[in-house]
Structure formats: C-alpha cells, structure tokens
Amino acid sequence: MNGEHYPFQSTPDERQRLVRQAELVAPLTEQLFEKAGITSGWRVLDIGSGSGDVALLVARLVGPTGTVIGIDRDPDQINFAKQRAMEHGVSNVQFMSEDFRNIELRSPVDAIVGRLVLMYTAEPLEALRSVLRNLKPGGVIALQESVVDYDGPPCIEPRDCLAAKAVQWFRAGFKYSGVQPRMGMRLFGLMREAGLNPSTDIVTLAPILQGPEGPLFKLITAVVASQLPAILSSGIATEAEIDIDTLEQRMIEDAPPCGVVGYFNSGHVGVWAKNP
Ligand SMILES: C[S@@+](CC[C@H](N)C(=O)[O-])C[C@H]1O[C@@H](n2cnc3c(N)ncnc32)[C@H](O)[C@@H]1O
C-alpha cells in the first residue's frame, strides 16, 4: 500500500489496548517530560492523544493552573478520552478531533508532546514542522516513538516460537500500512532537520516481557487482533492461520517449559528540544 494508513481498528478493544500499553511505557514518558522541564502552570499540546493517557499524565505535571489540549483525528478516541478525564476528575484537559498537522491554535503553547504518533505519518519531518507553528519561542517539544523495525528477526526467545511468528504478522501489517520504521531512532535527527537543537540526553525503555505467566502473549494477541485487516491485506498470513480467537491459547501451548521472553513490540525512545 502506498501512503499513510493507520493500521489499528477504532474499536473499544483498541482503546483498552492503548490504556494497557500506556501503563507499560509511562515511566519513560514521565521521565522525558520531567527532563524537558514541563511544569506547573504550563499550557501543553498533546498530538495523537489516543485514549488520553499522555494528556492525563501532563495534566498532573502542569497542575490546576496549567492546561492540556489533546488532539486526535479519531472522534471515537476523543470521546473516550473525554470520558476518562471526567472519570478521573481532571478538568484542566480538553480534547479536540483534528489531524494534528492542521492545528493552528490561537496562541502558541509552552510545550508540545506526543507519543507513538509521528511513526504513523507519511512525512514525519513535514508533520513536525507543521505542528511547531504552535510552539512559543523558548518552548519545548518532547516526543516518544518506538524503534520497531520491519525486517530481520524479532527480538524474542526462542526464535521459532508462535509468538515470534505473530510479531512478524503485525510487523507486516505495519509495513503494509506505511508505518515509519525505527522512528524512535530517527527522532533526534528529525528534530535537528526541523531547526531544533535536541538534547543529547535521550531516554530509552526496552519493555522485554515474558509469556505465558507475564503479559507478553496477551499484548501480542491484542496488537494482532486490532491490526487484523492490515495483516491480512499484507498477505503474510491467512485468517485461518492467525485464528485470532485461539491465538493466545496456541501461544501458551507452543511455549517451551521456561516460557518465552521478548519485546512485545519494540523499545521506545524519547527526545526533547527547546524551540530557539
Ligand atoms: C498508537 S496511538 C498513541 C496514543 C497515545 N499518544 C498514547 O501513547 O497512548 C496513536 C494515536 O494517534 C492518532 N493519530 C495518528 N495520526 C494522527 C494525525 N495525523 N493527527 C491526529 N491524530 C493522529 C491515532 O488516531 C491514535 O489515536
């Protein structure tokens, strides 16, 4: 497929998958935002806000005197994020449905944040440049992206288990959808190309998980389920081979006695920069 296509389906299960993924990667996000100096009273724009977890985290950092604007082009994600903010009693966050590349706020913000969003744009440099219109001079941008690659064997042990095959399936779905590979590794250079001076204090997280006792198989199954149409379109496997309803149980039965250890997806990288 040419161009840009978001590989995940917009379903209640997908929204819950994002919440579970957020719990896994939040320590890096929090560390990144603290290093970037996001603090009390700031006005912050969160691009690709999904289920709202990044915006809710920032809302805590900026406190009641600060505000957060979450942007997502999926209106169902926006409604879900609004509902979660209400349930958490958070009132300093607003969510808007829009492509973040089209956003022109009436006044610029103190910080722009985003997690796992540039990787879904066909032209990440253009996307970054367009959103930077909304950043104050001297403001900060802090982005976190995955280092997922689409070629080569996945980092999983043992290499020939069913879980490794399932990771290959969703990597094919990513590739088919035009998702940017190794976006986390490219963030630093991208920020420089956009005229920023990113900090060399790059933060990283390698969530290596275990199955069946740990959450590895559950997370892999959720990614494959949400990406099923993209995976099938890529031609890497048939619906019968994947058999999503039995996939998790088959991974459990296939696992050796010591289990399986691996990246469920990939590592994460966080980079921040100050606007000149
Ligand atoms: C993988 S999710 C990450 C959600 C959230 N940032 C997190 O880390 O929990 C990516 C989100 O970005 C949204 N998205 C992707 N491209 C976008 C764009 N160009 N403009 C606005 N939202 C976008 C998708 O709809 C999805 O909700």
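# A walk through the predicted model

Val 58, setting aside neighbours within four places in sequence, is in contact with Phe 33, Ile 38, Val 44, Asp 46, Val 68 and Val 113. In soluble globular proteins, nonpolar side chains tend to be buried together.

The chain as a whole can be described next. The protein chain contains ten helices and eleven strands. Its radius of gyration is 19 Å, close to the 19 Å from the globule rule for 276 residues, so the chain is as compact as a globular protein of that length. Along the principal axes, its C-alpha atoms fill a box of roughly 55 × 40 × 35 Å. Of the 276 residues, 48% count as buried. Among contacts between residues at least 6 apart in sequence, 83% join residues at least 24 apart.

Helix 1 covers residues 12-36 and has a kink of about 60° at Val 25, shortly before the proline Pro 27. Val 25 is one of the buried residues of helix 1, and others among them are Leu 18, Leu 28, Leu 32 and Phe 33. The buried set also includes Glu 14, Arg 15, Arg 17 and Gln 21. Just after helix 1 comes Gly 37, with a positive phi of about 85°.

Further along, Gly 52 sits in the loop between strand 1 and helix 2, the latter spanning residues 53-62. Gly 52 is buried, with 29 other C-beta atoms within 10 Å. Leaving aside neighbours within four places in sequence, its contacts are Gly 70, Ala 81, Arg 84, Ala 85 and Phe 95. The C-alpha atoms of Gly 52 and Phe 80 are separated by 8.0 Å, while the two residues are 28 residues apart along the chain.

The loop between strand 4 and helix 4 holds Leu 116. This residue has a positive phi of about 55° although it is not a glycine. Most residues other than glycine have a negative phi, and most peptide bonds are trans. Leu 116 is buried, with 22 other C-beta atoms within 10 Å. Arg 182, in the loop between helix 5 and helix 6, likewise has a positive phi of about 55° without being a glycine. Arg 182 has 16 C-beta neighbours inside 10 Å and so counts as partly exposed.

Helix 4 itself runs over residues 124-132, and its residues Pro 124, Ala 127, Leu 128 and Val 131 are buried. These residues cover an arc of only 100° around the axis, which puts them on the same side of helix 4. An α-helix has 3.6 residues a turn, so residues three or four places apart point the same way. The elements covering the buried residues of helix 4 include strand 1 (43-47), strand 4 (109-115) and helix 6 (183-193).

Strand 11, residues 268-274, is mostly covered, with six of its seven residues buried. Strand 11 pairs with strand 5 (residues 135-146) in the antiparallel sense over seven bridges, and Ser 146 stands opposite His 268 there. Strand 8, residues 203-205, runs antiparallel to strand 11 and is joined to it by three bridges; Thr 204 has Val 269 as its bridge partner. Strand 7, residues 197-198, is also antiparallel to strand 11, with two bridges between them. The bridge partner of Asn 197 in strand 11 is Lys 274.

Another group of strands forms an open sheet of three, in the order 6-10-9, with antiparallel pairing. Strand 6 (156-157) and strand 9 (208-211) stand at the edges and have a single partner strand each, so one side of each is left without a neighbour in the sheet. Two bridges link strand 6 to strand 10, residues 260-263, in the antiparallel sense, and Glu 157 stands opposite Val 261 in strand 10.

Pro 158 is found in the loop between strand 6 and helix 5. A cis bond also leads from Gly 211 to Pro 212, with omega near 5°. Pro 212 lies in the loop between strand 9 and helix 7, residues 216-226.

How values were computed:
Residues are numbered from 1 along each chain as its sequence is written. This is a predicted model: local features need pLDDT of at least 70, side-chain atom pairs count only at pLDDT 80 or more; totals for chains, interfaces and linings use all residues. Two residues are in contact if their C-beta atoms, placed from the backbone, lie within 7 Å. Helices (H or I, at least four residues) and strands (E, at least two) are DSSP runs, numbered from the N terminus. The radius of gyration is taken over C-alpha atoms; the globule rule is 2.2 Å times the number of residues to the power 0.38. A residue is buried if 20 or more other C-beta atoms lie within 10 Å of its own, exposed if 12 or fewer, and partly exposed in between; C-beta atoms are placed from the backbone. Two strands pair if DSSP finds at least two bridges between them. The bend at a residue is the angle between axes fitted to the seven residues ending there and the seven starting there. The arc is that of the directions from the helix axis to the C-beta atoms.
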